[in-house]
Every structure is written in structure tokens, then in C-alpha cells.
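Trainee: I have a structure open and want to learn how to read its features. Can we go through them one at a time?

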Amino acid sequence: HFLFAVWREPALRKRGGCFSQGEDSEGRPRVDLMEESPRPGPLHVIREGDCAVLKRNEVFKAVAVIKRRKIIFEKQWFYLDNAIGHAYGTTFEVSSEGRLQPKKRADETTTETKEAGTDNRNIIDDGKSQKLTHDDIKALKDKGIKGQEIVQQLIENSATFRDKTEFAQDKYIKKKKKKYEAVITIIKPSTRILSTMYYAREPGKINHLRYDTLAQMLTWGNVHAGNKMIIMETCAGLVLGAAMERMGGDGSIIQMYPGGGTVRAATNCFGFPESFFQTLYEFPLSKVRSLLSGTFSVKASPSETTRSSPPAEESNGSLDEKQLSVQEADMECSTDTLMESGLPDEQEMVDLPTEGEAPEEDKAKGAIHDKQRKQEERRKKLIEAAALLQGKDADGLIVASRFHPAPLLLSLLEFVAPSRPFVVYCQYKEPLLECYTKLRERGGVINLKLSETWLRNYQVLPDRSHPKLTMSGGGGYLLTGITVINENPKPVDCSEQKTEEPTSKKRKLQEPLALKEDVIL
């Protein structure tokens, strides 16, 4: 871990890590490991407007810390007003009025039991062992008794608790705490936490990208501070946010997007500072063909160009019309997407109140001016992204899209410098097999490898360590490789489809019919 942190030192320095760089007595650069201060700094304190993650047991939810906003999480409602000012990682108890109160360390001690049985063979689950009824438990909650005290009374009123084994007692206590204790923990968002949250709650939005697969993508893609990365993903911005966190705001990222605009729902959950977005560029896939052919222009906005001009279906990797229509139908609307819609529509919406009083006219003119200014900023950003791509010296390429990866990969590899890695993720194996075949025919790549990640969680407890009974069925497939200079490039037509196999099947079905007719004659 120490060497890994030294390699990522610029990113850690920007994010307030535990490493500092200086010079020794001889003037050589030195990296020191500093002890983390027990007093949390500003970056470790919950502030209003931050993006935080709520955790209860193994369930996560990303929320924005805003005062007087009602939050519903795991059948509990509360406000985050009292959490502001506390350190990330603090555990809170939810009161009946929806207020958060920090949980004391004395309350976190487990319930001690004096007696335990040797086995559970004589215990009969007939529902009569618990003396407390549902009405009694509800009355205890109405009195304001905390969840730990309710669990303690459940233990005291259980006729079979002392006959259970020690392991069964721990399992019983854990189950009752999960049900009756209203406890949540507020943690700072990270790639591991957000990827776990999305995979558990909404795996379809991230193309079933598992967290261990995402970690391998960052490793194979050699994502680190100072790189120039090209990322094409339709995973709600999770891959983009993971790369931005790894780079720490040092370097540049060019996000390729289809349709009318980018989708960064997961990226916004990271809570990056504004400086991280200054090195983030975006470029539409509909402009890739013109950029490669040298006819690129920025007369129209990216969103208007994407909607008006039909995409190409050639081997340079531009998306076909069907793929773009599916993406535009499936893509979620966000604030940035609405801001990047066509300027004439926005002007029509703003021009409505111009018949009113003078202040309303001033507001309308100011809104139009702001729209034009933002439009000009996006135009400049598009020109800068095109200049970065025209250099064809990107340090890496990551593709994680719901579209077929072959045309995307073959076109975007033109912008990657030689001896640089690329990673392609797909939920299924067959599209990556086609990519593998086309890359071998095209040339210009080495060390091609198609792999599948395998993950199984383990329970690690004293005398009870074993694999968990449930595990993930699959984490997708990865195609990795390294680019090299291709002296004899061979054009590969992505729209070409082999028809030998279907033709042979038809012939096999027709031959027996011909023989049968001959016999009848």
C-alpha cells in the first residue's frame, strides 16, 4: 500500500491524503508517512451541500445534505440538520421526531449473556417462546424506549434464549437489532461505496458492472494522476467518477457521449470540487467521423448536430441510427442535458414574459445573456476537446457501454498513442469475442486478453469463517490490450456480417427433401 500511495502522490496531495513530499538533507525528493490527526479536518466534516452516503447494515443510499429536507431510508424518516458539523463515519440514532442523535460508545457494547446451551436440538419454534406481544413492543416504542433496551427486554422475556448455543444467541441478537434499532451511519462517498450501492439497488443503470470488475478496469487502464484518458460509458457516470477520483484532478479526461448530452448521475454523487471538472471535457460520438476525416466544425451545438445529422455506419466506429435512437430513448434527463438542448427552444421559453413589466423584461434579457454565455463556454470546451483528440496521444481508453463495443473501440483507438492500454467492458461475452477477432484482423494491438471476473464473499468470524451461501452470478467480461504502431493497417468493415453458417444450415435442410422427391418419382 505504501508504494501504491507514492505512485499516486499528486492525487493524494490534492485530496488531503496522509503522505507529504519534501527533500532530505542531500536535496533528494522524499516521501514521508505522516500520522493521521485524530481531529477531523474540514474535508472530514459533514457540511451543508455535501454529497453523503447513508449506511444501515449493508444497505446504502446517496443523499444531499440539505437542512429541513425529509429523508426516507429503510422505512425510517429523519432530517440531516443535526448531522452537520459531525465527522464522517459517525453513527446516529433516529428519534421518534426524526432527529439524529450521535450514538454513544457505551451503547455500542453487545449484550452479554451468562448462560448458553450446548446444542439446539431440543428447541421447538412454535411461536410461544416470546412472552412480549406486538402490542407490548409498540407500547415500548411509544414511550420512547431505545431499540437496545427493547432488544434486552426481548431477550429477558424469551423462554428459549438461554437454551440456544452461543452462536445462535449472537445471531438472534443481531437479527433483533436490525429490526428494532433505528441506527444509521453517514459516510463519505467513494468508488467502492457507490459501486456497491448501485450494484445492489439499481444494477441495470450501470450495465451490471460489479465493483471488483470496476477495480480491474482502473488497474488495466493504468488510470493515475497526470494521464489523458478517453472514456466512453453509459453507466450513469460511475466509471467516469471512478477515474476522476483516481486521478485526483490532475490530468485530463475526455468523455465521449451519444445522444443529446452526458449522463452523470453517479458522478455528481462523489461530491467533487469544481476544480475537478475544469479538466473534464466532453465530445459527441456523432463528430468522431468528421474529426478523423479532417472536416470537423463547431458551427452548430453538439446536441443540435446529434439530433439533425444521421450518424455514419462505417468502420470508423460511429454509431448507427438504431443505436442512437435506443440511447436517446433510454437516457435519463438531467440538468446538464436540459441546459445543452437547442438554443432556439430556450429562447422561445424565455421570450414568453417579455410582454409584461420592465423588471420581467430585464430578467428575460439576463436569462438570454446567461444562456448565450453558457453556449459559448460549451463551444470553447468542445474546441478544446477536439484539439486534445486531434493530438492522438491519449494515455488510455476505457469503454463500458450498452452498445456493441466493436465500432466504438475501432474508432476510438485512433486517438490513443502507441504502447498505451485499453479496456472494454461488456456484460456478455459474444460482443467481446467479435472485438477480439476484428482487432486481430486489423492489427496494431498486442497482449489481447478476454477475462471474466469471479467473486465470492466470505464470512470471517471466530470459529465460523466460511463462504457465504449466496454469491454474484457474474460480473461481466473484460477485453484488455496494448496499442502499438501498425505499419500495415487493414481496414475492417464493422457492418460486415458473415453468412456462411446460415447458408450451410439451409442446404442441409434442403438436401433430404430433394432425395425424398426422387424416391416418390
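Mentor: Start with Cys51. This is a predicted model, so every value here is computed from its atoms.

Trainee: Is Cys51 buried, partly exposed or exposed?

Mentor: Look at relative accessibility. Cys51 comes out at 22%, so the label is partly exposed.

Trainee: And what about Cys235, buried or exposed?

Mentor: Cys235 has a relative accessibility of 0%, so Cys235 counts as buried.

Trainee: How many disulfides does the model have?

Mentor: General idea first. A disulfide is a covalent bond that joins the sulfur atoms of two cysteines. To count one, the two sulfurs must lie within 2.5 Å. By that rule, the count here is zero.

Trainee: Next, backbone angles. What should I look for in phi?

Mentor: Most residues other than glycine have a negative phi. Look for the exceptions. Ala236 has a positive phi, near 60 degrees. Asp463 also has a positive phi, near 65 degrees.

Trainee: Where do Ala236 and Asp463 sit?

Mentor: Ala236 is in the loop between β10 (227-233) and α8 (238-247). Asp463 is in the loop between β16 (458-459) and β17 (466-467).

Trainee: Which labels do they get, buried or exposed?

Mentor: Ala236 is buried, at 11% relative accessible area. Asp463 is exposed, at 74%.

Trainee: Now the surface. Which residues form the positive patch?

Mentor: Lysines: Lys141, Lys171, Lys175 and Lys179.

Trainee: Which helix gives the most to the positive patch?

Mentor: Helix α5, residues 166-180, with three residues. Lys179 is found in this helix.

Trainee: Is Lys179 buried or exposed?

Mentor: Use the cut-off: exposed means over 50%. Lys179 has a relative accessible area of 54%, so Lys179 is exposed.

Key:
Residues are numbered from 1 along each chain as its sequence is written. This is a predicted model: local features need pLDDT of at least 70, side-chain atom pairs count only at pLDDT 80 or more; totals for chains, interfaces and linings use all residues. Side-chain values use heavy atoms; hydrogens and water are left out. Patches are made of residues with over 30% relative accessible area and no salt bridge: like charges are joined within 9 Å, nonpolar side chains (Val, Leu, Ile, Met, Phe, Trp, Tyr) within 5 Å. Accessible areas come from the Shrake-Rupley method with a 1.4 Å probe; for residues, only the protein chains shown count as cover. A salt bridge is a side-chain nitrogen of Lys or Arg within 4 Å of a carboxyl oxygen of Asp or Glu. Lys and Arg count as positive and Asp and Glu as negative; His and the chain ends are not counted. The place of a charge is taken as NZ of Lys, CZ of Arg, CG of Asp or CD of Glu. Helices (H or I, at least four residues) and strands (E, at least two) are DSSP runs, numbered from the N terminus. Buried means under 20% relative accessible area, exposed over 50%, partly exposed in between (1.4 Å probe, protein chains only).
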